[in-house]
Number of protein chains: 2
Amino acid sequence: MRLICCCSALLLLVLLPRTCQGGNILVIPTEGSHWINMDILLQALHSRGHNLTIIRSSKSWYIKDNSTYYSTYTVPVERSIDKEIITRIMSSIIDFERGALPLMSFLHSSVGLLDTVIEAHTAVGEYVSAIIDDRELIRTLKDTKFDVVLTDPCWGSGPILAKYLNLPLVYNVRWLIPEEAHFAIAPSPISYIPVAGSGLTDKMSFFQRVKNMIFYVVSQIQAHVAAKQVYQKICEKYLGPDEDFYQLMIDADIWLMRVDFVFDYPRPTMPNVVYMGGFQCKPAKPLPQHLEEFVQSSGEHGIIIMSLGTFVSELPADMANEIAAAFAKLPQKVIWRYKGSRPDTVGNNTLIVDWMPQNDLLGHPKIKLFVAHGGTNGVQEALYHGVPVVGLPVFFDQYDNLLRLEYRGAAKILTLSTVDKDNNFLKAIQEVLNEPSYRMNMQRLSRLHRDQPIRPMDNALFWIEFVMRHKGAAHLKPASLSMSWYSYHSVDVVLFLGGAVLLVFLSTFFLIRCLCNAMCKSKVKHE
Amino acid sequence: MRLICCCSALLLLVLLPRTCQGGNILVIPTEGSHWINMDILLQALHSRGHNLTIIRSSKSWYIKDNSTYYSTYTVPVERSIDKEIITRIMSSIIDFERGALPLMSFLHSSVGLLDTVIEAHTAVGEYVSAIIDDRELIRTLKDTKFDVVLTDPCWGSGPILAKYLNLPLVYNVRWLIPEEAHFAIAPSPISYIPVAGSGLTDKMSFFQRVKNMIFYVVSQIQAHVAAKQVYQKICEKYLGPDEDFYQLMIDADIWLMRVDFVFDYPRPTMPNVVYMGGFQCKPAKPLPQHLEEFVQSSGEHGIIIMSLGTFVSELPADMANEIAAAFAKLPQKVIWRYKGSRPDTVGNNTLIVDWMPQNDLLGHPKIKLFVAHGGTNGVQEALYHGVPVVGLPVFFDQYDNLLRLEYRGAAKILTLSTVDKDNNFLKAIQEVLNEPSYRMNMQRLSRLHRDQPIRPMDNALFWIEFVMRHKGAAHLKPASLSMSWYSYHSVDVVLFLGGAVLLVFLSTFFLIRCLCNAMCKSKVKHE
């Protein structure tokens with residue numbers, strides 16, 4: 001092909017107006033890793049001149065009180081989804097998964113943990129009530145004349161408050177109480193769209209499709225049980241008896257989806273879904289001197305980094321020892337973000353740290369491999385920098401995220417139940433290091449991801465401001481949002497037309513029979 | 001809202017590489033108004049340094065032989081969809097529609113004209129065969145090493161040739177043999193997506209949904225009959241006995257769709273569909289002096305322009321007279337593009353022209369109203385410039401196009417059957433001129449349309465070049481493309497699971513009955 005690099009993507013420059021007078025944005029964020037990516041978006045919005053106001057609970061553990069770029073209203077609550085509960089759930093999952101079969105693992109997180117999930121939603125429900133019942137706060141919010149509500153709807157607080165305040169709504173979203181967000185907004189044929197937790201890809205055998213259907217039904221029940229049990233009551237109390245929570249939730253103006261189709265399987269989407277996968281990714285900055293020296297000391301072998309994310313602070317001692325021992329056998333240098341007790345088997349080539357500049361390490365020329373738990377943020381960063389992955393998923397979407405890379409030949413997945421057996425961990429690392437296809441595939445994905453007409457972050461900012469300029473994006477919302485399920489699926493029309501056809505068929509049949517009978521009788525009479 | 005103009009859309013600058021060495025693009029265009037917009041895209045591709053090669057038939061009437069910006073291969077054909085046939089079909093439709101009810105009109109174009117449509121497809125089929133049978137031409141095409149095929153797939157030639165030459169494929173598309181293209185590529189719930197020709201919007205009553213379903217079934221049959229009758233045979237002859245034309249047709253890498261969701265109803269879409277509605281629109285250039293003088297002479301009243309597109313050269317004399325007489329009664333000046341005999345009733349305020357710079361007139365400050373037939377190009381230009389429309393649709397998508405504007409309060413539609421009765425034409429023009437909501441609504445649509453993160457033309461160019469850089473866009477094509485209909489709709493899975501549930505239910509029932517029987521017998525025995 002004669003088309004060469006000089007004819008690469010149209011170069012798009014984003015010129016930020018210097019004297020931009022911003023709008024007012026009300027932010028209803030979610031804790032944990034969800035806050036990490038919301039925070040990046042908020043900093044970008046702040047730099048565009050917008051005023052940001054955050055509502056947080058008095059038990060927030062990630063979202064700090066007032067900062068240099070946002071102000072907060074702190075709502076006192078008695079209980080919340082606090083760090084201890086989450087950490088406890090994590091440990092329970094890790095212990096369970098070590099011995100579990102995949103189906104059992106799904107049932108454990110779908111059914112076994114349903115009570116815990118509902119308990120968490122209930123805490124969020126109480127938080128919403130506390131906000132709305134605070135008349136002083138509500139009056140202040142109404143007086144501020146916000147232009148838009150920006151929220152992560154993996155809990156129900158944001159959509160309800162936006163509706164109560166009658167404000168346009170933008171989602172920073174991937175999960176929605178608690179299904180994958182596309183399932184709520186876009187048609188999702190179960191025949192090629194794997195349900196979260198199913199461990200399937202978009203190419204399934206017949207029995208895999210059967211499994212996917214079962215998982216779909218279970219996850220839908222779970223989603224609707226959680227919604228009905230908690231949020232429907234709040235909707236009816238504060239928004240009127242006819243307000244349906246599920247319809248309210250899917251009525252957002254713009255869905256800024258934290259994936260793109262280099263990472264996710266291609267599937268139907270909607271006009272108001274904007275893909276901003278990898279919006280948080282950016283070129284690497286120089287490392288702090290001590291880290292740079294450690295990295296350079298790896299010579300031609302390069303470095304491996306490992307992190308299991310924000311929730312998993314400690315692994316079972318035997319598992320941590322097995323991992324450290326495997327690392328010790330490698331010629332590479334290893335930087336391992338780990339907050340648990342230092343394993344006995346840590347080698348000289350391994351640096352254990354509390355925190356690391358993950359993006360800058362992933363973008364370093366010496367990086368060879370990323371051992372990751374499969375959280376969306378980390379996986380997207382690995383993809384952006386083209387670094388192959390050995391995955392050690394713990395819970396929720398992590399296996400699915402890693403599977404999307406493994407399916408495209410860019411990662412290898414280990415499970416908690418087998419990671420410390422038969423040298424599996426060492427073998428997986430050596431395979432991904434020594435087999436060039438892993439790196440080549442990941443770099444191909446990286447090239448595709450970076451080749452976009454507009455940077456994901458700029459696209460996200462554009463659409464938030466679009467909603468602010470036009471007071472919503474009603475022209476992008478489909479008419480289906482207000483339809484009943486039987487109208488949407490044309491069940492009534494098909495029954496009606498089927499009935500009409502049957503009626504015509506039967507009438508004709510009886511008419512012919514009557515005629516035949518009449519003719520026979522007349523024949524008999526004549527004889 | 002404190003968000004003001006200075007904080008408007010991110011400004012995006014497209015920097016064209018100066019020394020861009022272009023790729024090779026093979027173009028398989030369509031005649032008529034379809035060529036007009038393809039030509040605009042080709043000029044833009046040429047200015048980006050690409051080499052364009054067009055295959056045209058010896059009976060092409062729009063696509064000229066070699067030009068300054070493309071070269072051509074002319075394939076001799078015995079018959080083609082020539083101008084005379086199209087003009088004859090137009091006249092037949094106009095005569096028919098004047099007296100027809102909407103349903104009859106649909107049946108006339110769907111069933112009555114089916115033979116003519118199949119005849120036209122057959123001519124295209126012969127053209128494809130003539131190309132492939134020309135071994136010399138095929139060798140030259142293969143030697144040229146094209147990077148991509150660009151085609152308008154409203155006929156079947158482009159997809160078949162792209163497959164035969166094994167090249168990536170980009171569509172400049174709105175219609176696809178002969179259904180609206182979305183119906184082929186994206187899930188299309190019939191409950192809120194009106195079928196072309198149904199005269200419905202995205203909000204339907206029960207009986208409108210019944211009507212839409214009937215129209216859907218008829219149009220699907222028509223689409224598949226045309227495809228099977230003509231193109232399937234060609235596929236089997238040249239591409240192998242297992243090649244399915246319909247699957248081949250929906251397998252394009254990128255679909256550059258000539259609508260957007262300011263114009264069209266919001267609906268499900270797919271990752272490889274790129275919306276470039278209005279890509280041909282641009283700010284007005286100054287008018288030629290004689291036109292500018294005529295326009296300025298309208299004073300405060302402003303001007304009205306009228307055009308019924310490229311196909312309708314003449315109206316029935318009585319209808320033309322009625323229209324001219326209505327114009328004569330207005331204080332505005334009128335520019336009417338009309339090639340028929342000059343009506344007797346033309347007023348002093350009306351200038352009849354063979355051709356007019358439509359975009360420049362629509363963008364002129366004196367413009368008040370556009371009388372249009374509703375072709376996509378004209379409607380998009382009116383929307384871009386915010387000019388309200390009185391619509392006089394003739395055939396195919398024109399009523400639907402105008403309906404999208406009328407539904408949003410930006411146009412008023414007349415029908416051929418009533419335009420010359422009861423002063424309808426004059427009344428409609430006066431209503432749209434005097435009722436400010438028409439202009440305000442159209443200008444609101446214009447603001448929404450212009451507020452995009454990237455200009456539609458730049459987006460289209462980006463994605464064509466993306467396909468050239470990456471040799472396709474396989475990562476954006478859904479896995480569903482290769483699935484059978486029953487797998488896609490999970491019919492087999494639902495039957496299997498339904499059967500399994502029934503089996504369990506029946507087994508349990510019979511088991512209980514056997515147990516009951518056994519217990520009863522044992523009881524009787526004991527008694």
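**From a loop to a sheet**

In chain B, the loop between helix H8 (206-239) and helix H9 (245-249) holds B:Pro241. The model is a predicted one. B:Pro241 has a relative accessible area of 67%, and since exposed means over 50%, this residue is therefore exposed. B:Ala324 lies 83 residues away from B:Pro241 along the chain, and the C-alpha atoms of B:Pro241 and B:Ala324 are separated by 58 Å.

The next element is in chain A. Helix H11 of chain A covers residues 317-328, which is 12 residues. From its first C-alpha to its last, H11(A) reaches 16 Å, close to the 16 Å expected at 1.5 Å a residue. Which residues of H11(A) are buried? They are A:Met319, A:Ala320, A:Ile323, A:Ala324, A:Ala326 and A:Phe327. Seen down the axis of H11(A), these buried residues fall within an arc of 160°, so they line one face of the helix.

Chain A also contains an open sheet of seven strands, in the order S4-S3-S2-S5-S6-S9-S10, and the pairing is parallel. Strand S4 (71-75) and strand S10 (273-275) of chain A are the edge strands, each pairing on one side only. On average, neighbouring strands of this sheet are turned by 20° against each other, direction ignored. Strands of a sheet pair through backbone hydrogen bonds, either parallel or antiparallel.

A:Arg56 stands opposite A:Thr74, a residue in S4(A). What lies across this part of the sheet? Helix H5 (residues 135-144) of chain A lies across strand S2 (24-28), S3 and S4 of chain A. The angle between H5(A) and S4(A) is about 155°.

Chain A has 19 helices and 16 strands. Of the 527 residues in chain A, 59% are buried. Among contacts in chain A between residues at least 6 apart in sequence, those joining residues at least 24 apart make up 65%. The accessible surface of chain A comes to about 22,400 Å², and 58% of this surface belongs to carbon and sulfur atoms.

Methods
Residues numbered from 1 in each chain as written. Chains lettered and ligands numbered in written order. Predicted model: local features only at pLDDT ≥ 70, side-chain atom pairs only at ≥ 80, totals over all residues. Heavy atoms only, no water. Helix = DSSP H or I, 4+ residues; strand = E, 2+ residues; numbered from the N terminus. Expected span 1.5 Å × (residues − 1). Buried < 20%, exposed > 50% of the residue type's maximum accessible area, 1.4 Å probe, protein only. Arc of directions from axis to C-beta. Pairing = 2+ DSSP bridges. Axes fitted to C-alpha atoms, helices over the stretch in contact; angles between N-to-C directions. Contact = heavy atoms within 4.5 Å. Areas by Shrake-Rupley, 256 points an atom, 1.4 Å probe, with all protein chains shown as cover.
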